[in-house]
Amino acid sequence: MRKDGFVSKVTLKRYSGEFRSRVALKEVPDEQTLSELASKHGKHQKMIAQWKCQTLEGMAATFSR
């Protein structure tokens, strides 16, 4: 509260969905390589790489809403 009795308005900085998704993904450790994931799930490495790209795009859209 200010000296004159009014409550000051707090403005929050807004970040884009793309920025938030990139920061969030930096916290997720890469525990397995594409090759290991492909073997584990019986999928091709290229497919998993495409899924990763789609996930990144989807995360940005989720945070943009």
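Student: What share of the 65 residues in the protein chain do buried residues make up?

Tutor: The model is a predicted one. A residue counts as buried when its relative accessible area is under 20%. Among the 65 residues of the protein chain, the buried share is 8%.

Student: How many helices and strands are there in the protein chain, and in what order do the elements run from the N terminus on?

Tutor: The protein chain holds 3 helices and 0 strands. Read from the N terminus on, its elements therefore run α-α-α.

Student: Is the protein chain compact or more spread out than a compact globule?

Tutor: For 65 residues the globule rule gives a radius of gyration of 11 Å. The protein chain has a radius of gyration of 20 Å, well over that value, so the chain is more spread out than a compact globule.

Student: What are the dimensions of the box that the C-alpha atoms fill?

Tutor: The box is taken along the principal axes of the protein chain. Its dimensions are roughly 65 × 20 × 15 Å.

Student: How much of the accessible surface of the protein chain belongs to carbon and sulfur atoms?

Tutor: The accessible surface comes to about 6,200 Å². Of this surface, the part that belongs to carbon and sulfur atoms is 55%.

Student: Which residues make the nonpolar surface patch of about 280 Å²?

Tutor: Residues in such a patch need over 30% relative accessible area. Tyr15 has a relative accessible area of 42% and is partly exposed, and it lies in the segment before α1, which spans 17-26. The patch is made by Tyr15, Phe19 and Val23.

Student: Where is Lys52 placed, and is Lys52 buried or exposed?

Tutor: Lys52 has its place in helix α3, residues 45-64. A residue is exposed when its relative accessible area is over 50%. Lys52 has a value of 52%, so it is exposed.

Student: How far is Lys52 from Tyr15 in space?

Tutor: Tyr15 lies in the segment before α1, whereas Lys52 is in helix α3. In sequence the two are 37 residues apart. From C-alpha to C-alpha, their separation in space is 22 Å.

Student: What separation do the C-alpha atoms of Lys52 and Gln32 have?

Tutor: Lys52 and Gln32 are 20 residues apart along the chain. Their C-alpha atoms are separated by 13 Å.

Student: Where does His44 lie, and what is the separation between the C-alpha atoms of His44 and Leu34?

Tutor: His44 lies in the loop between α2 (34-41) and α3. At 57% relative accessibility, His44 counts as exposed. His44 and Leu34 are 10 residues apart along the chain, and their C-alpha atoms are separated by 8.8 Å.

Student: How far apart are the mean positions of the positive and negative charges?

Tutor: The protein chain carries 13 positive and 7 negative charges. The distance between their mean positions is 8 Å.

Note on methods. Residues are numbered from 1 along each chain as its sequence is written. This is a predicted model: local features need pLDDT of at least 70, side-chain atom pairs count only at pLDDT 80 or more; totals for chains, interfaces and linings use all residues. Side-chain values use heavy atoms; hydrogens and water are left out. Patches are made of residues with over 30% relative accessible area and no salt bridge: like charges are joined within 9 Å, nonpolar side chains (Val, Leu, Ile, Met, Phe, Trp, Tyr) within 5 Å. Accessible areas come from the Shrake-Rupley method with a 1.4 Å probe; for residues, only the protein chains shown count as cover. A salt bridge is a side-chain nitrogen of Lys or Arg within 4 Å of a carboxyl oxygen of Asp or Glu. Helices (H or I, at least four residues) and strands (E, at least two) are DSSP runs, numbered from the N terminus. Buried means under 20% relative accessible area, exposed over 50%, partly exposed in between (1.4 Å probe, protein chains only). The radius of gyration is taken over C-alpha atoms; the globule rule is 2.2 Å times the number of residues to the power 0.38. Lys and Arg count as positive and Asp and Glu as negative; His and the chain ends are not counted. The place of a charge is taken as NZ of Lys, CZ of Arg, CG of Asp or CD of Glu.
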